Amino acid sequence: MACVTIHHWEPPEAGLAELRRVARGPVVIFTFELDDLPAWQQELLREGLIKERPRFPAIERIASALGGRTRVERIPTPWDCTDGFFEAFWRRPEQLLDPGIRSAQSMWRLLDPGEERTIVERLAAALESGAWDSEHGHLRKQDSFDGALRLVVSQAP
């Protein structure tokens, strides 16, 4: 059984326990360790990440809720990832200026009025001034980024 929505469960541990209860085989959770996002996202999207952190339980909490034998795999994000989660744009920050891209990401709906505008203006200014490329432009040459994506695989006890 695989799951990618634990950040929408309240509390996540209840949903994880139910997954373990009904799963006959392994339970696989695709999640994020937000501290391993690209530095520019941690800096420029900080208001959104403050809202996101409580929604993404630590890997240890996930493993504990699932019980059994658990392994964690790091999943690199390819530069041309077509999924719309915000780390997918680690090499293409301009994409986050697009309201259509942002509308497909739940983080933006968590923001207070004006916070989205503040983040977008901050990112746009960093791109327009060349500050983003000066500090993070090396990312544009990478084929993948070993960042926040994690696959948690739990075998039944």
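**Reading a predicted chain**

Tutor: The mean positions of the 20 positive and 25 negative charges of the chain are 5 Å apart. Lys and Arg count as positive and Asp and Glu as negative, with His and the chain ends not counted; each charge is placed at NZ of Lys, CZ of Arg, CG of Asp or CD of Glu. This is a predicted model, in which local features need pLDDT of at least 70 and side-chain atom pairs count only at pLDDT 80 or more, while totals for chains, interfaces and linings use all residues. Residues are numbered from 1 along each chain as its sequence is written, and side-chain values use heavy atoms, with hydrogens and water left out.

Student: How many helices and strands does the chain have?

Tutor: Helices (H or I, at least four residues) and strands (E, at least two) are DSSP runs, numbered from the N terminus. The chain has eight helices and six strands, in the order β-α-β-α-α-α-β-β-α-α-α-α-β-β from the N terminus.

Student: Which residues of helix α1 are buried?

Tutor: An α-helix has 3.6 residues a turn, so residues three or four places apart point the same way. Buried means under 20% relative accessible area, exposed over 50%, and partly exposed in between (1.4 Å probe, protein chains only). In α1 (residues 12-22), the buried residues are Pro 12, Gly 15, Leu 16, Leu 19 and Arg 20. They fall within an arc of 140° seen down the axis, so they line one face of the helix; the arc is that of the directions from the helix axis to the C-beta atoms.

Student: Which residues of the largest nonpolar core touch the most other members?

Tutor: In soluble globular proteins, nonpolar side chains tend to be buried together. A nonpolar core is a set of buried Ala, Val, Leu, Ile, Met, Phe, Trp, Tyr and Cys residues joined through side-chain atoms within 4.5 Å. The largest here has 27 residues, and Phe 32, Trp 40, Leu 45, Phe 86, Leu 96, Leu 123 and Trp 132 touch the most other members. Elements giving two or more residues to this core are α2 (39-44), α6 (106-109) and α7 (115-129); α7 gives the most, with four. Apart from this core lies another, of ten residues, among them Leu 19, Ala 23, Val 27 and Val 152.

Student: Is Thr 77 buried or exposed?

Tutor: Thr 77, in strand β4 (residues 77-78), counts as buried at 1% relative accessibility. Contact means heavy atoms within 4.5 Å. Leaving aside neighbours within four places in sequence, Thr 77 is in contact with residues including Phe 85, Trp 90, Asp 143 and Phe 145.
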